[in-house]
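Look at the model first.

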Amino acid sequence: MATNIGMMDSAYFVGRSEILAWINSSLHLNLSKVEEACSGAVHCQLMDAVHPGMVPMHKVNYDAKNEYEMIQNYKVLQDVFNKLKITKHIEVSKLVKGRPLDNLEFMQWMKRYCDSVNGGGLHSYNALERREASKGGKEVSKKSAPSQPSTKSSTAAPKTQTTHNTRRNDVSNSNQPVKASRPSSSGGPAYDEQITELKLSVDSLEKERDFYFAKLRDIEILCQCPEIENLPVVEAIQRILYATDDSASVVAEAQAMISQHQRESELLSPIPELPEEGQKADNPKRKHIINVDVDAAASTTLSPRQRISDASDVHCSGSPLVTY
């Protein structure tokens, strides 16, 4: 069972064309893009084809256009997963938006799962009859039906032309063996292998392109948030995102924007007043030095008479330390 498949599994390297051919041949549809299956109805019918009778097709809505209608289809699909004990997580919020990469990855997983169950045998499944029970299933079947008569008319047209242009056909038949012999002599299977390799490389490049485009889109949405859209870093990122050329000057301009903002912020920052604190710390020292010098000068300049007068003043003032 393919309930748990790693991102480097071979299932995720299947191209879009192969996925679309598998869906259209299994369910008799005419999908031209993988994201057209974003409503979830195709996924439900694929599970119904693998597990007959497990999916209530009367709850499936093929005419779902709004997100709330698509979510109902994915709820039906999730119920089927729960019954079958499938642990695959369905990212409904991404699938309903119709992103090509998300829908391609989930459809690649669906193909791998369907191939792992009963060898992917869906030949006995009547897709048209089962789809009639769902809402909008008949209209989808009618849209896919005109593709079959068109092939018949295209095959009938050359027959009518051969009856009217017999002479031209006689001349062209003489040249047909020469044209048919050329591919065989030049190696037809080698060309087929090259074509398949080119298709696989194109599909992988498209997948990688969609992946990185989705990442850039997420970054753009994040930069548009009102909380951070005015930051200089965000402005520099937007400058790179919205650049129309691939020159290296764009990155240099973005770096210059950031450095200029840093310089402006440094110029506008307040300057700390350190000298005043130094002056406050020096003032007590100066006061202490001045007091010591004054006392020393006073003691040296006083005369003996002044000292005696000072002592007499103390004696007269009635000091308790003097005895009569």
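## Aromatic core

Phe 106 and Trp 109 are both buried (under 20% relative accessible area, 1.4 Å probe, protein chains only). The model is predicted: local features need pLDDT of at least 70, side-chain atom pairs need 80 or more, and totals for chains, interfaces and linings use all residues. Numbering runs from 1 along each chain as its sequence is written, and side-chain values use heavy atoms, without hydrogens or water.

The whole structure holds 4 aromatic pairs (ring centres of Phe, Tyr or the six-membered ring of Trp within 6.5 Å; stacked under 30 degrees between planes, edge-to-face over 60, tilted for the rest). Phe 106 and Trp 109 make a stacked pair, 6.1 Å centre to centre with 20° between the planes. They are about one helical turn apart, because they sit 3 residues apart in helix H5 (residues 100–116).

## Charges over rings

The charged end of Lys 111 sits over the Trp 22 ring, 5.9 Å from its centre (NZ of Lys or CZ of Arg within 6 Å of the ring centre and within 35 degrees of the ring normal). Arg 131 lies over the face of Tyr 62, 5.8 Å from the ring centre.

## Second largest pocket

The second largest pocket has about 420 Å³ of space. It is an open set of points on a 1 Å grid, where a 1.4 Å probe fits, with protein on both sides within 12 Å along at least five of seven lines; lining residues have an atom within 4 Å of a point. Of its 17 lining residues, Leu 31, Tyr 62, Gly 136, Val 140 and Lys 143 are the closest to the centre. H7 gives the largest share of the lining, 4 residues.

Conventions
Helices (H or I, at least four residues) and strands (E, at least two) are DSSP runs, numbered from the N terminus. Buried means under 20% relative accessible area, exposed over 50%, partly exposed in between (1.4 Å probe, protein chains only). Grid points are joined across faces, edges and corners, and a volume is the space filled by probe spheres set on the points.
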